[in-house]
Amino acid sequence: MRPEKHTGLSRLWRYTAGRHGRIAAVMVLAAVSAAAPVVGWHLVGDVVDHGIRAHNQTRLAIDVLAYVGINAAAWLLGSTTWLWLARIGQQVVFEVRRDLFEHLTSLSLRYFSQQKAGWIIARLTSDVDALSDVLNQGLTTLVVNTLTLIAAIGGLFILDWRLGLVALCVTPPGILCTRWFQQTSHVAFTDVRTRIAAVTAQLAESVAGMAVVQAFNRERAFQREFDDLNEANRLANVYAQKLSSVFFPAIELLGIVAQVAVLYAGARLISGGSLQIGTLIAAVGLLNLVFQPLQELSELYGQVQSAAAAMVKISSVLDAEMDITDKPGARPMGRIDGRLQLDRVTFAYGAEPVVHELEIDVPPGGCIALVGESGGGKSTTAKLIARFYDPLTGAVRVDGTDLRDVELRSYRRQLGVVLQDPFLFSGTIADNLRFGRPEATDDEVRDAAAAIGVDRVAARFDEGLDHVVREGGAGLSAGERQLISIARALLADPRILILDEATSNIDRPSEVLIEKAFDRLLSGRTSIIIAHRLATVRRADEILVVEHGRIVQRGSATQLLAQAGPFRRLAETLTGAAAA
Ligand SMILES: Nc1ncnc2c1ncn2[C@@H]1O[C@H](COP(=O)(O)OP(=O)(O)O)[C@@H](O)[C@H]1O
Ligand SMILES: [Mg+2]
């Protein structure tokens, strides 16, 4: 009826695979400890009827000793159960988190450009927390209370079946209440998860874009947006709690009704001489043992609903299709010679293709430049070459092999990419340089840094290359980040190098320096340069002018400048840009 809830819980159950033996062992312990209070109440009844009222001191002593012994054993078993179940629960939480992270790192860029970062973070934080809540105490509550409930009902019937039947009178209204709560709260708890994710998503986006928010005086508007989401989250939680506030007291009320009924019937039976007072006391005690777990179980039900809803959301990440994966039998790529071909490559992010039938052929060690207005499809082409996306039709081939037929890792290991907006990780500058080749020696790091001019950036700091960069490279200028990311690619010593506007934010003096480093950067490897500086694109063996996803002109710089055409028009702005 509600398939969603089932996928959530059954998936959670699958995570316990391999631990069913241990869970069964814990259940046995829990069953024994759950039976203890039931036996306890039988002993209390026995003390009253056969110890106190019969003036039997020996019976009294035996009963009291048994009572103490049983409860001590129950305490020991109870705490063992608690610990074991919590261990299993935390292991499951650990594995869910690990799987989430692992899956995220294998998803393609397409996924990350479609999902808000905060939405993804909410899956790993608040949703996993909801699971953790249930698995921590929830599993114990569930097992111990269910067993206590069964034991108490059984114990009541063994004690006196007539009183047992009387107590059952509250079952039908109890079932009705529970059905109602199940149905309404499922919707409510799913809503709560959606709302909290929206709050987290907005928060993450605002933090990332705070400078822009403040620069454009959008604080108030953002505040209002946040307030709305926060308010919606509050209301969703209040509604869920409102349901609980009706349901739990109702169950408690039913418990009282059952108790009154049992007391009344018991009193009649005692007057009739067919029941002893001690048995009635024990029956009332056992009835408490029925309703207290029932109460706790219904509270748990809310948590389980919440966890099931969380698991459904988590599943949506875990089930997100990995569209860029190794196909079965993908071959590892040996050392790449560097022939790069795009064979009639067409690609679309959505419905409209953004690159059409691209034909590119670069010989090993060759260098091509892509130029053109922004939005033309240059970065997209670079991403297709890096296999961040697969072409819709056509193929990207390296050394004659379709990239879809090779092991992605073996290809990327030989690929250097400097993206348009480079990202640095928290850690030292040297750590960031080593990102693509962690085993690089200090000398190699220093050498790469010097070749690109990162040494001059590092000289600004007391610690030099050991200066700690904050997440994303905050604390460095955009140009400095670009320098570091170019040196990072150089240090990785790739066979194919892609530079996507890698020098766009670098100031003139550094740029002149980099121009010199380009010889070394490009020598002996195939390279694709996307740039706006004429001096940079002149290096290319072939320049491709890209407009609206199509190559409209191609040739060497000298050839292209000799023709009247798009490149000449562009060259005027290129040179202009360089002078600015
Ligand atoms: N992740 C994306 N999702 C959807 N459309 C995109 C995405 N990235 C780029 N585009 C679109 O694809 C076209 C080409 O973009 P891009 O390759 O970045 O151009 P260029 O690098 O030449 O400026 C643009 O119209 C852009 O809006
Ligand atoms: Mg671009």
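**Note on the sheets, helix packing and ligand shell of the predicted model**

1. Six strands make up an open sheet with mixed pairing, in the order S6-S9-S10-S3-S11-S12; strands here are DSSP runs of type E with at least two residues, helices are runs of H or I with at least four, and both are numbered from the N terminus. Two strands are said to pair if DSSP finds at least two bridges between them. At the edges of this sheet lie strand S6 (415–418) and strand S12 (550–555), each of which pairs on one side only, and the twist from one strand to the next averages 15°.

2. Before going further, please keep in mind that this is a predicted model, in which local features need pLDDT of at least 70 and side-chain atom pairs count only at pLDDT 80 or more, whereas totals for chains, interfaces and linings use all residues. Residues are numbered from 1 along each chain as its sequence is written, while chains are lettered from A and ligands numbered from 1 in the order in which they are written.

3. Ile543 in turn has Gly555 in S12 as a bridge partner. Strand S11 (residues 542–547) pairs with S12 in the antiparallel sense over five bridges, and Val546 stands opposite Ile551 in S12. S11 and S12 form a hairpin with two residues between them, and His548 in the turn has a positive phi of about 50°.

4. An open sheet of four strands, with antiparallel pairing, has the order S2-S1-S4-S5. Its edge strands are strand S2 (353–362) and strand S5 (401–402), each pairing on one side only. Strand S1 (residues 340–348) runs antiparallel to S2 and is joined to S2 by six bridges, and the bridge partner of Gln341 in S2 is Asp361.

5. Turning to the helices, helix H2 (residues 20–52) packs on helix H10 (residues 277–318) at an angle of about 160°, with the axes 7 Å apart. H2 is therefore roughly antiparallel to H10, on a scale where angles under 35 degrees count as roughly parallel, over 145 as roughly antiparallel, 65 to 115 as roughly perpendicular and the rest as oblique. H2 passes H10 in a right-handed crossing; a crossing is right-handed if the near helix is turned clockwise from the far one by less than a right angle, and left-handed if anticlockwise. The residues of this contact of H2 with H10 divide into 10 nonpolar, five polar and two charged, where Ala, Val, Leu, Ile, Met, Phe, Trp, Tyr, Cys and Pro count as nonpolar, Asp, Glu, Lys and Arg as charged, and the others, Gly among them, as polar.

6. The axes of helix H9 (residues 219–271) and H10 come within 10 Å and cross at roughly 170°, which makes H9 roughly antiparallel to H10. The crossing of H9 and H10 is right-handed, and the residues of their contact divide into 14 nonpolar, seven polar and two charged.

7. Helix H7 (residues 171–208) packs on H10 at an angle of about 50°, with the axes 9 Å apart, so H7 is oblique to H10. H7 also passes H10 in a right-handed crossing. Ser185, His186, Phe189, Thr190, Val192 and Arg193 in H7 meet Gly302, Gln305, Ser306, Ala309, Ala310 and Lys313 in H10, two residues being in contact if their C-beta atoms, placed from the backbone, lie within 7 Å.

8. Finally, ligand 1 is surrounded by Ser113, Tyr349, Val354, Ser374, Gly375, Gly376, Gly377, Lys378, Ser379 and Thr380, a residue being near a molecule or strand if its C-beta atom, placed from the backbone, lies within 6 Å of it. By class, the shell around ligand 1 holds two nonpolar, seven polar and one charged residues, and helix H11 (residues 378–385) gives the most to this shell, with three residues.

How values were computed
Axes fitted to C-alpha atoms, helices over the stretch in contact; angles between N-to-C directions.
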